[in-house]
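Hi,

Here is the structure I promised to pass on. Have a look at it first, and then read my notes below.

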Amino acid sequence: MKLDILAIGAHPDDVELGCGGTVAKEVANGRKVGILDLTRGELGTRGTAKTRDIEAAEAAKILGVTVRENLAFADGFFVNDKKHQLEIIKLIRKYQPEIILCNAKDDRHIDHGKGSQLVSDACFLSGLIKIVTEVDGEIQIPWRPKTVYHYIQWKDLKPDIVVDVTGFMNKKMASVFAY
């Protein structure tokens, strides 16, 4: 299934907090949008990984995304290496998004910057023909998104691009409150 946009977050709730309004707006504009969580958020202060799974499914329903997947990388301890890059590459090739949205490059949470670099690297590598990936016995074709945007969550950072989400804040906030 081809997606127009794949929004990726280090944790369940990162996409909702960082670009939930944009996701809701793009879905309303008829775009196919998916969410990929790198971890299950198992180190979070409140709740459990199972709780996050349920909350993430509800938030995805509120936003109206086409698909949501979770790679279940170790919260706090995943690394930017070949193993983790290949898992993301497989999903980029599976969904063939034109646009990737991911965590900010610089953020106080260690997983956000680390996840941002991991996703950026995987986006580049996913277009290389000499990297062979296989899913369900089928060789995937190389695919590189046209654009990677990094969403920010902190008011003191200056974004390169600002998306007007007027009219979509209620949906964004409902998805945040699903957690």
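Predicted model: local features only at pLDDT ≥ 70, side-chain atom pairs only at ≥ 80, totals over all residues.

**What I found**

The charged end of lysine 114 sits over its ring, 4.7 Å from the centre.

Now for the chain as a whole. It has five helices and seven strands, and along the sequence they follow the pattern β-α-β-α-β-α-β-α-β-β-β-α. The radius of gyration is 15 Å, which agrees with the value near 16 Å that a compact globule of 179 residues would have. Along the principal axes, the C-alpha atoms fill a box of roughly 45 × 35 × 30 Å. Of the 179 residues, 46% count as buried. If you take the contacts with a separation of 6 or more, 81% of them come from residues 24 or more positions apart.

Next, the sheet. Which order do the strands take? It is an open sheet of five strands, S3-S2-S1-S4-S7, with parallel pairing. The edges belong to S3 (67-73) and S7 (147-150); each has a single partner strand, so one side of each is left without a neighbour in the sheet. On average, neighbouring strands here are turned by 20° against each other, direction ignored.

Two of the bridge partners in S2 are leucine 36, which goes with isoleucine 8, and aspartate 37, which goes with glycine 9. How many residues of S1 are buried? Five of the five, so the strand is largely enclosed by the rest of the structure. In a regular strand, side chains alternate between the two faces of the sheet. In S1, Ile5, Ala7 and Gly9 point one way while Leu6 and Ile8 point the other way, and all are buried.

Finally, two aspartates to check in the backbone. Most residues other than glycine have a negative phi. Aspartate 13 has a positive phi of about 100° although it is not a glycine. This residue lies in the loop between S1 and helix H1 (14-28). Aspartate 136 also has a positive value, with phi near 50°, and is found in the loop between strand S5 (134-135) and strand S6 (138-139).

Are these two aspartates buried or exposed? Aspartate 13 is partly exposed, with a relative accessible area of 23%, whereas aspartate 136 is exposed, at 78%.

That's what I have for now.

Cheers

How values were computed. Residues numbered from 1 in each chain as written. Heavy atoms only, no water. Lys NZ or Arg CZ within 6 Å of the ring centre and 35° of its normal. Pairing = 2+ DSSP bridges. Helix = DSSP H or I, 4+ residues; strand = E, 2+ residues; numbered from the N terminus. Axes fitted to C-alpha atoms, helices over the stretch in contact; angles between N-to-C directions. Rg over C-alpha atoms; globule rule 2.2 N^0.38 Å. Buried < 20%, exposed > 50% of the residue type's maximum accessible area, 1.4 Å probe, protein only. Contact = heavy atoms within 4.5 Å.
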